[in-house]
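Colleague: I'd like to learn how to read a model like this one. Could you walk me through it?

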Amino acid sequence: MQQKKNGTYGVLHSGPLSKRDMERHLNGEISASIYLLDEHLQCSVLCFDADIPKAEIPEDPAEMEAKKRNEVLPVVQKIIDHIKLVYGVSDDVFLIEDTGGRGYHVWLFFEKPQPSKSVVEFANEIKSSIEMQSIEIFPQRAHLGPTGFSKSNVRLPLG
């Protein structure tokens, strides 16, 4: 998906990301997102989105960065610690991304595609266990929407 000037997304193309897609994204030519569900409702990556609530964003950029580090980064650590402790996974399956905005993405990469229903249940278990219901998860749903898409697109990492 490619973000339009009005903030909505339109289809860039179907199928895996190409090297050119990533280059264009990293060079700032496009702002892209990916759908995390494939046509078989399988998912290879899970993303947790932890942010400062919009009503609490400081106007000063330095204060916002400090608030992110002091309040949101500990939430990121809780997510990772819980997954490592309960599920016994290693550090190399995680990518922590500073979104450049109000918070962080925690990306978890699976060895092979998983049923989306299991991925969403897994993500909701983590949110519940660490008592952080305000965290967004992607994929948000285990099914496709009426247009063939779901609320399971998330901006590319390293944006």
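Colleague: Let's start with helix 2: which strands does helix 2 lie across?

Modeller: Before that, a word on the source: this is a predicted model, where local features need pLDDT of at least 70, side-chain atom pairs count only at pLDDT 80 or more, and totals for chains, interfaces and linings use all residues. Residues are numbered from 1 along each chain as its sequence is written, and side-chain values use heavy atoms, with hydrogens and water left out. Helices (H or I, at least four residues) and strands (E, at least two) are DSSP runs, numbered from the N terminus. Contact means heavy atoms within 4.5 Å, and angles run from 0 to 180 degrees between N-to-C directions, with axes fitted to C-alpha atoms, for helices over the stretch in contact. Here, helix 2 (residues 61-87) lies across strand 4 (42-51), strand 5 and strand 6, at about 25 degrees to strand 6. Helix 3 (residues 116-129) also packs on the sheet, where it touches strand 4, strand 6 and strand 7, and its direction makes about 140 degrees with that of strand 6.

Colleague: In what order do the four strands of the open sheet come?

Modeller: Two strands pair if DSSP finds at least two bridges between them. The order here is 5-6-4-7, with antiparallel pairing. Strand 5 (94-98) and strand 7 (136-138) are at the edges with a single partner strand each, so one side of each has no neighbour in the sheet. From one strand to the next, the twist averages 20 degrees. Five bridges join strand 5 and strand 6 (residues 103-115), and Leu-95 stands opposite Trp-107 in strand 6.

Colleague: How many aromatic pairs does the count come to?

Modeller: Rings of Phe, Tyr and Trp (its six-membered ring) pair if their centres lie within 6.5 Å; planes under 30 degrees apart are stacked, over 60 edge-to-face, and the rest tilted. The count is one. Tyr-87 and Phe-122 are edge-to-face, 4.8 Å centre to centre with 80 degrees between the planes. Tyr-87 sits in helix 2 and Phe-122 in helix 3, 35 residues apart.
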